Amino acid sequence: MQTTDSKHYKPPMKFGLGGVPFGNEFSVLTDRNVIDTLEAAWTAGVRYFDTSPWYGLGLAERRLGSFLHTRNRSDYILSSKVGKLLKASRQNNAKEYFPFTLSPNDVTFDYTAAGVRRSVEDSLQRLGVDALDIVFVHDLSPDNPYLPTAWEEQFDIACNGAFPELTRMREEGLIKGWGLGVNTPEPILKLLDVADADICLLASQYSLIDHKNALDQVFPAARAKGVSFVIGSALNAGFISGSARYNYGKENYKIPPAFIEKREKLREVAAKYGVDLRSAALQFSAAPDVASALIVGASSEQQVLADCCSMQTRIVAEFWAELKERKLIERNAAVPA
């Protein structure tokens with residue numbers, strides 16, 4: 001299933017389902033809600049699924065696994081993350097991070113080689129599968145307030161531990177590819193200088209609202225190394241489609257006024273051309289040549305089907321041209337054909 005255009009692994013499908021909502025990140029979902037959403041995604045042809053131990057402290061992986069473990073493993077691509085280890089405890093700290101989760105687990109950060117091996121093994125058990133395709137080193141980033149020490153110190157631990165261990169796991173055939181999964185550019189740029197990664201999860205950094213730095217700094221550096229991206233949070237955690245939350249902050253919390261103003265201008269142009277802004281946002285984030293795949297979270301059958309339809313909707317070229325003319329997107333930004 002690996003593509004052959006470079007020595008670095010790329011998922012063979014361009015669209016996937018993100019697992020953040022399945023950990024009750026923003027609201028309570030029942031197991032039935034999650035299974036119905038996954039069933040709808042599978043029926044619609046989705047075959048790439050992304051999750052993490054962090055999402056609900058094990059809850060998202062357990063729920064995804066209850067669905068996937070009955071499917072043929074060769075029929076889908078699966079990515080999860082490392083950097084956080086879970087341990088069951090009656091006095092657990094789960095609700096400190098996820099108020100809506102029912103997880104019994106405590107979490108500790110561990111970017112060592114042994115921690116990576118343990119994390120992958122634990123994820124496989126929670127998921128009920130025998131292999132991961134992609135592993136992302138998660139939240140090793142300056143925006144993470146929960147790291148036990150400065151992110152640079154944790155990054156150095158990963159340089160000597162997680163990164164070479166994941167390279168070994170790739171060479172052993174245990175995984176197909178690895179990289180970082182972060183919300184800021186600095187760790188990715190640093191990774192490209194110190195390790196032979198394949199693919200990174202670029203979250204909250206390439207959307208209609210905010211994409212200039214990725215275009216000018218991150219993408220050129222990645223191209224030079226043959227590294228591609230899974231693009232996440234194309235809607236800025238629902239902001240573009242109308243949420244009062246920007247990225248993963250609390251609702252109505254410190255949303256930059258310039259972003260709210262830009263959203264209104266985007267809506268004006270979309271209305272002029274009869275374009276669904278949500279569809280435009282998803283297609284825009286999937287358009288760069290370094291974007292191997294786009295993952296989008298969904299918490300209902302209706303949402304995941306809308307996402308799938310959005311990726312197939314034709315958007316007139318004049319819409320993109322006017323966005324560039326009005327400087328709402330960068331002149332050098334790729335747009336859907």
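Cysteine 308 is buried, at a relative accessible area of 14%; buried here is under 20% relative accessible area, exposed is over 50%, and partly exposed is in between, using a 1.4 Å probe and protein chains only. By the way, this is a predicted model, where local features need pLDDT of at least 70 and side-chain atom pairs count only at pLDDT 80 or more, while totals for chains, interfaces and linings use all residues. Residues are numbered from 1 along each chain as its sequence is written, and side-chain values use heavy atoms, leaving out hydrogens and water.

Okay, on to the rings. A search of the whole structure turns up 19 aromatic pairs. Rings of Phe, Tyr and Trp (its six-membered ring) pair if their centres lie within 6.5 Å; planes under 30 degrees apart are stacked, over 60 edge-to-face, and the rest tilted. One of the pairs is tryptophan 42 with phenylalanine 49, which is stacked, with 6.2 Å between centres and 10 degrees between planes. Both of those residues, tryptophan 42 and phenylalanine 49, are buried.

Now look at tryptophan 54 and phenylalanine 98: the centres are 4.9 Å apart and the planes at 65 degrees, so this pair is edge-to-face. Tryptophan 54 is in the loop between strand 2 (48-50) and helix 2 (59-68), and phenylalanine 98 is in the loop between helix 3 (94-97) and strand 5 (105-109), so the pair ties together parts 44 residues apart in sequence. Helices (H or I, at least four residues) and strands (E, at least two) are DSSP runs, numbered from the N terminus. Tryptophan 54 is buried at 12% relative accessibility, and phenylalanine 98 at 2%.

There's also one aromatic cluster, formed by Tyr206, Phe219, Phe229, Tyr273, Phe284, Phe319 and Trp320.

Last topic: charges over rings. That takes NZ of Lys or CZ of Arg within 6 Å of the ring centre and within 35 degrees of the ring normal. The charged end of arginine 71 sits over the ring of phenylalanine 67, 3.9 Å from its centre. Lysine 190 has its charged end over the ring of tryptophan 151, 5.3 Å from the centre.
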